[in-house]
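User: Could you take a close look at one part for me, the nonpolar core and the contacts around it? I'd enjoy one connected account with the cut-offs spelled out.

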Amino acid sequence: MKGVALLLGVLLLLGGGAVASIQFISGLNLPFLDSIPGAKEFLASKMALYAGAGAAGFGLVMFIVGILPGGKKGGGRPIAREAAPERAEPRAEAPRPAPAPRPAAAQPRPVPQASPPQKTAPQAAASKPAPQPKPVASAQPPASAQKAAAADDNVSRWAQDPRLANRKRVSDLVTINDALKAYRAKHGKYPVAEKLAGYLERGRDWIPGLSPEFVAELPRDPAMSDDRAGPQYLYASNGADYKLVAQGVSLVGGTNVEVLGVKFDPSKNNTMEKAAFGFWTEAFAQV
């Protein structure tokens, strides 16, 4: 670094001094200045004098810095690092003597046990528990009979609560009616079924072609039994018109069933004990 400072100082000193004093030395009559545009004007100005003097002064400073001797870093004696204490080697412990084996304790001799007294024949007979009578398996009805009994209980439950039964009927009729509309939208007509009939006459598919595509399973009246005079869902259609009703329904103690588009069947003499309600088109109102 000192060599660089020394060389830079000499160059700045010579160059700055030359620029500052060239106008006094040669009167700006040097031939090479004519080839540099504006060189004579700059060298004749005070700016050239100030710039040259400043550069020469800075070069003198750099020259002095370059020739001065440099001191040692730190200016003091190197600090001697303390030597790490040597680790003391562990002393080998003398092996401990093995403990002397303890003398085995004298084991007690087994005491002979007296054999239990032999029971006499009457005592042995008295000690035996009396045989328990085997429980007689109760005869259970077959599975078909159990299902039939459960179905009868379900029918009687719906029959005893007409309020819940009529709500279920309205919900079933709305579901079936929506499925009939979907069937007509796809096929251009309603499922054809002659005469007003239901599950007791046609079986599970009492509306042909509606299940399982448009409704998972065709519902039945919750209180329907094998009695053909009891309540039942009925359907009839010629393809263009249709009628869907719940027939033979009791309204005693029930709720209002004329909701969600459900109407009382105008072709029947509806009473509180026996009524019919559902959906239909005008042409099939009196079917």
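**The core and its surroundings**

Analyst: Happy to. The largest nonpolar core has 27 residues, and those with the most contacts inside it are L180, W206, I207, L210, Y235, L244 and F277. Such a core is a set of buried Ala, Val, Leu, Ile, Met, Phe, Trp, Tyr and Cys residues joined through side-chain atoms within 4.5 Å. Buried stands for under 20% relative accessible area, exposed for over 50%, and partly exposed for what lies in between (1.4 Å probe, protein chains only). Please keep in mind that this is a predicted model, in which local features need pLDDT of at least 70 and side-chain atom pairs count only at pLDDT 80 or more, while totals for chains, interfaces and linings use all residues. Residues are numbered from 1 along each chain as its sequence is written, and side-chain values use heavy atoms, with hydrogens and water left out.

Now the rings. A search of the whole structure finds 4 aromatic pairs. Here rings of Phe, Tyr and Trp (its six-membered ring) pair if their centres lie within 6.5 Å; planes under 30 degrees apart count as stacked, over 60 as edge-to-face and the rest as tilted. One of the pairs is Y183 with F214: the centres are 5.4 Å apart and the planes stand at 65°, so this pair is edge-to-face. Because Y183 belongs to helix α6 (residues 162-187) and F214 to the loop between α7 (199-202) and β2 (232-237), the pair ties together parts 31 residues apart in sequence. Y183 and F214 are both buried. Another pair is F264 with F277, with centres 6.2 Å apart and planes at 85°, so it is edge-to-face too. This pair links F264 in strand β4 (residues 263-264) to F277 in strand β5 (residues 275-280), 13 residues apart. F277, one of the core residues with the most contacts, counts as buried at 0% relative accessibility, whereas F264 is partly exposed at 26%.

Charged side chains come next. A search of the whole structure finds 6 salt bridges, each a side-chain nitrogen of Lys or Arg within 4 Å of a carboxyl oxygen of Asp or Glu. R169 and D221 meet in one of them (2.7 Å, N to O). With R169 in helix α6 and D221 in the loop between α7 and β2, the bridge ties together parts that are 52 residues apart in sequence. R169 is buried at 4% relative accessibility, and D221 is buried at 5%.

K243 deserves a look of its own. The closest N and O atoms of K243 and D265 are 2.7 Å apart in a salt bridge. K243 lies in strand β3 and D265 in the loop between β4 and β5, so parts 22 residues apart in sequence are tied together. Both K243 and D265 are buried, and salt bridges that share partners join K243, D265 and K268 into one network. The charged end of K243 also sits over the ring of W280, 5.7 Å from its centre; that label requires NZ of Lys or CZ of Arg within 6 Å of the ring centre and within 35 degrees of the ring normal. The charged end of R220 likewise sits over the ring of Y199, 4.2 Å from its centre.

Methods. Helices (H or I, at least four residues) and strands (E, at least two) are DSSP runs, numbered from the N terminus.
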